[in-house]
Every structure is written in C-alpha cells, then in structure tokens.
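Colleague: Could you walk me through this one while I have it open on my screen? I would like to go through it piece by piece.

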Amino acid sequence: MTAPAVLDTAALTRHLVERGLISSPLDVEVHGLAGGVSNDVVVVRAPGFDAVVKRALSRLRVTEEWLADPARLGTEGRALRLAGRLAPGVVPAVIDLAGGYLVIERAPRTWRTWKQDLLAATVDVAVAERLGRVLGRWQRATAGDGDVAGAFGDVTAFGQLRVDPFHRTVAGRHPDLADPIHQTIEIMAANRTCLVHGDYTPKNVLVGSAATDLWVIDWEVAHVGDPTFDPAWTVGHLLLKSVHRPAAAPAYAAAARAFLTGLDAERPGAAALDPAQLIRQTGCLLLARVDGRSPADYLTAVGRGQVRSLGRGLLLDPPPTLTDAWERLT
Ligand SMILES: Nc1ncnc2c1ncn2[C@@H]1O[C@H](COP(=O)(O)OP(=O)(O)O)[C@@H](O)[C@H]1O
Ligand SMILES: [Mg+2]
C-alpha cells in the first residue's frame, strides 16, 4: 500500500546523497507507506537502492491532540539493531541512522501486515507461535542485562505514547476502574526486567508466504519494562478481532494459545510472567482501543460495547487464565 509522500522529499534526497546511500538526486522515487500515525514512513527507490525511511513526527496523526518527542527514532534504530543481533532475520536490517532519518531494509513487495490477514479472518497459528517464540527469546536474552537496561532505560516515549493515552486516559474515563488501572501502572513501573517492544501488535508484524517470513517492525517505544506488556497487546488484539469477526473467534483463540505456548517455550530463564498482571494489561488495552486516545477503526458501536464490557470484566472480575476471556464473548 503506498500513498503520496508527506515529508520533504528534496531534504530527504539531499540527506541520502550526503550519507553516501544514493549517488545522485536524479531518478529518486519516494512513496508514502500507509499505516503510520506517529512517523512519516516512505519507500525510497533509486538506482541500486530500495529501502524504507522513517522520520518521527512530534504531533501524531490522530484526531485528538497527542504529542511525543521525536528522539524516539534513535531508540527505534538501536532497538532494531539489538533485536536483530538477538534474533537474526526477524527484524529489518538498519542501513543508516543519522540526521533524524532511520533507513531500514524494505520487506519484499509481496509481504503484508499480519493485521491484514487477521482482518480477513486468515489466521495462521504458525505465525502466532513464531511471534510468541521470538518475543520469548528477546525477553530471555535481555532479562537482567545491565547494558540493555542502561541503553533502554528511558521510558519517556513509552509514557507519552502508551501509558498516558491508554492507561491514564481510560482511568480518567472509567473512574470506577481507576484502582486496578493504577495498580497495573505501578506494577509495570516496579517490574522493569527485560526488553519490551511496546507495540507488539499485528499491524507491526510483516509476513510473507513462507513460514519463516516474519518481521517485527516499529520499535519506537522500546524500553526495559514489564514482560506482560507485549503479550497482553498481542492477545488483546486477537480478542478485538474476535469481536470484529465472531465466526473466526475460535481461530483467533487458537492463535492466542499458540502465541502464549511459543512465548512460554522460549522464556525459561527470564523472570516469571505474572498471570494477574497479564490479564489486567489486556483489560487496559481493550478499553484503550475503545475509550483511549486512538480507538480501533474497524469496530461497530455494538462491537465497541462488547469490547468495553470484556475489558471492564478483565479488570473487575478476572478469569483464571487470559485465554478464558474467549468464553466471555457472546
Ligand atoms: N521495512 C519495511 N518494509 C516494508 N514496509 C514497511 C517497513 N516498515 C514499515 N513498513 C510499512 O509502513 C507502515 C508504518 O510503519 P511503522 O514502522 O509501523 O510506523 P508507525 O510508527 O508510523 O506505525 C507499516 O505498517 C508497514 O505497512
Ligand atoms: Mg506501526
């Protein structure tokens, strides 16, 4: 999917020439990529060059006012490098990071986001399992690592882009949920044990046709934090898709189970995953997608009501395990 480029293409072209990535400003094509709300994301093609370039926006493209520090682009570049070292081939390679531009390897043209597959009710449990496994590998490899904690200790962008617009906004709109939501935030702040992607959702997963074709992209809010955050986001999105396409709910549930099985299989050695916090985080995510600052674009009014009551239930009356949430969908 491409759209007209929004960023200053002349400045971008000059930058790429100065960095020695392209030899001439002639024959350069720039196309905007659909999907981003917090960055300009473009494909740049020139003779011998075909890559994706990101530039962070200070004001996000959502209806409500939402600002964030563009320095997060540097975090994304460093996190991609770390993630690629720990799990080769599961993230795009970083080609260059300088001058406010991040240049990364472009996925093959035939790849799509996993969100596209899920919305079409094409649910490949192998993708889910792989996504769980690779997350488990990142969690285990970074657990208790002082260097990683130092390099990814800043939670400013995570606060601006996740905790404020999601958890705190939802707590403001559901005063009766303030206690469990603030408990979630406090436990999250006290449990900073491993690398957290921060937006581990189907729209940030690119897949191709081979079983191993999978990239996790969009690491701008990566930080050392709570290991329940990423799995809650993935499973929460599978619950949202189940409300959106009830006929495929059993398939989404199977994907959630495969994801969590893959995660558990790779995690030994990392700190235990707190099941109660995982459920609370998922409740917060569900509510954020209906009453937070960037609501899901595909839910109907009825669907929003279902998501709201499911999210409230996860916080007020948690089930024994997260995947039991599927039994509450009617
Ligand atoms: N390396 C890449 N190769 C191909 N497409 C990409 C790549 N990186 C991003 N995209 C496309 O651009 C979209 C937005 O990129 P993303 O990094 O998620 O930015 P944002 O932070 O704005 O969401 C993605 O959903 C995907 O469709
Ligand atoms: Mg994204």
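**Talking through the model**

Modeller: Let me begin with Asn 191, which sits in the loop that runs between helix H7 (178-190) and strand S8 (194-196). Please keep in mind throughout that this is a predicted model.

Colleague: Switching to the overall layout, how is the chain divided into domains?

Modeller: There is a domain 1, covering 2-105, and a domain 2, covering 112-328, and their centres, taken over C-alpha atoms, are separated by 25 Å. To the contact between them, domain 1 contributes 26 residues and domain 2 contributes 27 residues.

Colleague: How much area is buried between domain 1 and domain 2?

Modeller: About 2200 Å² is buried between the two domains, and carbon and sulfur atoms account for 64% of that area.

Colleague: Let's do helices. At what angle do H2 and H4 pack?

Modeller: Helix H2 (residues 72-86) packs against H4 at an angle of about 100°, and their axes are 10 Å apart. The two helices are therefore roughly perpendicular to each other, since angles of 65 to 115 degrees are placed in that class.

Colleague: Which residues meet in that pair?

Modeller: From H2 the residues are Leu 82, Ala 83 and Leu 86, and they meet Arg 137, Trp 138, Ala 141 and Thr 142 of H4. Sorted by class, the residues of this contact are five nonpolar, one polar and one charged.

Colleague: Then what about H8 and H9, are they parallel or antiparallel?

Modeller: Helix H8 (residues 229-244) and helix H9 (residues 249-266) have their axes 8 Å apart and an angle of about 170° between them, and they are therefore roughly antiparallel to each other. On the H8 side the contact is made by Pro 231, Thr 234, Val 235, Leu 238, Lys 241 and Ser 242, while H9 supplies Ala 249, Tyr 252, Ala 255, Ala 256, Phe 259, Leu 260 and Leu 263.

Colleague: How many nonpolar, polar and charged residues is that?

Modeller: The contact of H8 with H9 has ten nonpolar residues, two polar ones and one charged one.

Colleague: New topic: is Asp 117 buried or exposed?

Modeller: Asp 117, whose place is in helix H3 (residues 114-119), is buried, because its relative accessible area is 11% and buried means under 20%. Beyond residues up to four places away in sequence, Asp 117 touches Arg 112, Thr 122 and Val 207.

Colleague: And Val 52, where is that one?

Modeller: Val 52 belongs to strand S4 (residues 49-56), and at 9% relative accessibility it counts as buried. Leaving aside residues up to four places away in sequence, Val 52 touches Leu 33, Val 41, Val 42, Val 43, Leu 102, Val 103, Ile 104 and Arg 106.

Colleague: What about phi of Ala 121?

Modeller: Phi of Ala 121 is near 60°, again a positive value in a residue other than glycine. Ala 121 lies in the loop between H3 and helix H4 (125-142), and at 30% relative accessibility Ala 121 counts as partly exposed.

Colleague: Last one, where is Gly 303?

Modeller: Gly 303 is in helix H11 (residues 301-316), where it is buried, with a relative accessible area of 4%. Gly 303 and Arg 245 are 58 residues apart in sequence, yet 9.7 Å apart in space, C-alpha to C-alpha.

Key. Residues numbered from 1 in each chain as written. Chains lettered and ligands numbered in written order. Predicted model: local features only at pLDDT ≥ 70, side-chain atom pairs only at ≥ 80, totals over all residues. Heavy atoms only, no water. Axes fitted to C-alpha atoms, helices over the stretch in contact; angles between N-to-C directions. Helix = DSSP H or I, 4+ residues; strand = E, 2+ residues; numbered from the N terminus. Parallel < 35°, antiparallel > 145°, perpendicular 65-115°, else oblique. Contact = heavy atoms within 4.5 Å. Nonpolar A, V, L, I, M, F, W, Y, C, P; charged D, E, K, R; others polar. Buried < 20%, exposed > 50% of the residue type's maximum accessible area, 1.4 Å probe, protein only. Domains from an automatic or database assignment. Buried area = accessible area lost by both parts, 1.4 Å probe.
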